[in-house]
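Hi everyone, thanks for coming.

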Amino acid sequence: MSAASPEPVPPDALPGQRAAPDLLSHRPALRVDARAVKESLTFAFAGGAPGGAIDRHVESASLPASTWDPTRFAQHVFLQELIVGCLHFTSDGRTYIPSPALLGRALSRPPSDRDTVELRRDIFRELTGSEALRRDLAGAYAALRRWVGQLETISISRREGSRRRLDILVATKEAIDALADGFAGARSGLARLPAFGAAVRETEAYRRLADLLAYDEELATLDVRIRVGSDGHVRDLRALAIRENDENRFYKSPLGRVVTKLVMLWRGYRFSEDEVLIRYVNSVFEGLEDELVALVQLLGDLEFYLAGLALRERARAAGLAVCLPELAWPGGPLDEAPGRELKGLFNPLLLASSASIVPCDIATEHHDATVIVTGPNSGGKTRLLEALSLAQMLGQAGFFVPAAEARLSPCHGLFVSLIEQAQADQSEGRLGMELLRIRSLFEAMQVGDMVVLDELCSGTNPSEGEEIFQLVISLLSELRPQAFITTHFLELAARLERERPVERLVFLQVELDAQQWPTYQFVGGVARTSLAQRTAARLGVTREELVALVERSKRAHRRRVEPG
């Protein structure tokens, strides 16, 4: 629907000529601004950084090219609410909400590249099949978060600043080691993580890091003998042997340390051993900066998969199932494309509430059918449209879809328009706003796109609305859309079902039980009534109840105006 987004930086342009551990692109790339990230890391290492400084680089990372335009649907499917309410996850005992900016773009801009979609699906398949890999994924993310936490800690004294920088290096090594030592046996894109960790370990910069931390941890080993009296108190403590860690590159003998100090004093330098150590520490950090840029990008990549696993677990806790759908990629004639099928489809937005969720099955013989949905209010029609839209978006992004089984046909773009509340600054009435959304639909549409419209032409009188409805249906059919449209024009829908003025019209209605209550399932056909009286009774809008409210208001008025 929109111009393709720019391609990420190719691997041969990566710092140090080493491919980044990219989990969101088939072709590994550094998708963050390396220069800006390095500047932020340098400042953070020197004196700390405000909370969220590193995450801003994660949020601004580029993504693979896409033809989807989120402005056409993201607000209507409540994407931000989905991320905050349903995709948060726990790692190392803490709950994290993935970046709505990055994850929102990753989900709402499905990659045009089929190989990238399959890379993501393969990673999810491998994660769901291995608890060990899921632990390693959560462990790597927790290590990266501890590293960012150390960077964003601000020291208040010089001595504390020295210790803080060493702690940052400790967290750096732990993060690299978590990648290098984890993900054993991974065959999907996850294998990029241990490969990257192992490659970093082979560098001179990492060896200097390990030596420096070993020196800080073990300058010397001291053997002591302790003599304890009958009352349990120490009577004597004697050092038996002191073995200095003379194999470490940073080690200097006592005589060497004295000579170094004398030489520096003779040359006029006045700095302490602590200042020398800080110089070593800084040089070690600077030597790893290229690798650390890749770790910043990796934070967002890991959140994508942790969020997917969180959705899977949250659905299972509710007695539901998610899946990686079968994707019928276009390539041949549209007539040969298989139909859409979703078994156990549910609206994932309901996972954030205490509502009871009833899954349903939806199937059409052709993926490019125009499905008209009718039925009573509160029968689940709008929730169905949201679920269908989210399933298409998530599945095409390489993510889990909210269904036990699914077959979807990838499309060039998605257009969703649900009924909106009137805005104070809108320049048109309800009919004008309805006509504008129809105009914007046809401006954005391309052949084979998916279209989801709630209550088409509900903003005008029935006769005019039905005429516009038929116009939209007839013109849409020429673009072979994957279309789902709800309407309360029941007579018109019944006539369209009989006459079939355009090809591949499908009619679904809300199923009702023996007492005429919605089951939240959908069956073929057109509803005979919208059950407005039933809905009014449920909401307390009967004549009897309204009369009672009027009488109550009149009695209250008399009490206010009558004397005594």
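Let's start with Arg559, which sits in helix H18 (residues 543–561). Helices here are DSSP runs of H or I with at least four residues, strands are runs of E with at least two, and both are numbered from the N terminus. A word on the source: this is a predicted model, where local features need pLDDT of at least 70, side-chain atom pairs count only at pLDDT 80 or more, and totals for chains, interfaces and linings use all residues. Residues are numbered from 1 along each chain as its sequence is written, and side-chain values use heavy atoms, leaving out hydrogens and water.

Back to our arginine: is Arg559 buried or exposed? Arg559 is exposed, at a relative accessible area of 61%. By that I mean over 50%, while buried is under 20% and partly exposed is in between, with a 1.4 Å probe and protein chains only. Arg559 also belongs to a positive surface patch, together with Arg552, Arg555, Arg558 and Arg560. Such a patch joins like charges within 9 Å, from residues with over 30% relative accessible area and no salt bridge.

That brings us to salt bridges, meaning a side-chain nitrogen of Lys or Arg within 4 Å of a carboxyl oxygen of Asp or Glu. How many are there by this rule? The count comes to 23 salt bridges.

Here is one of them: Asp55 and Arg145 meet at 2.9 Å, N to O. Asp55 is in helix H2 and Arg145 in helix H6 (residues 131–151), so this pair links distant parts of the chain, 90 residues apart. Arg145 counts as buried, at 14% relative accessibility.

Asp122 and Arg125 form a salt bridge at 2.6 Å, N to O. Both lie in helix H5, three residues apart, about one turn of the helix. In general, an α-helix has 3.6 residues a turn, so residues three or four places apart point the same way. Asp122 is partly exposed at 36%, and Arg125 is partly exposed too, at 38%.

My last pair is Asp368 and Arg480, whose closest N and O atoms are 2.7 Å apart. Asp368 lies in the loop between strands S7 and S8, and Arg480 in the loop between helix H15 and strand S12, so the pair ties together parts 112 residues apart in sequence. Asp368 is buried at 4%, whereas Arg480 is partly exposed at 22%.

Notes
Patch = residues over 30% accessible without salt bridge, like charges linked within 9 Å, V, L, I, M, F, W, Y side chains within 5 Å. Areas by Shrake-Rupley, 256 points an atom, 1.4 Å probe, with all protein chains shown as cover. Lys, Arg positive; Asp, Glu negative; His and termini not counted. Charge placed at Lys NZ, Arg CZ, Asp CG, Glu CD.
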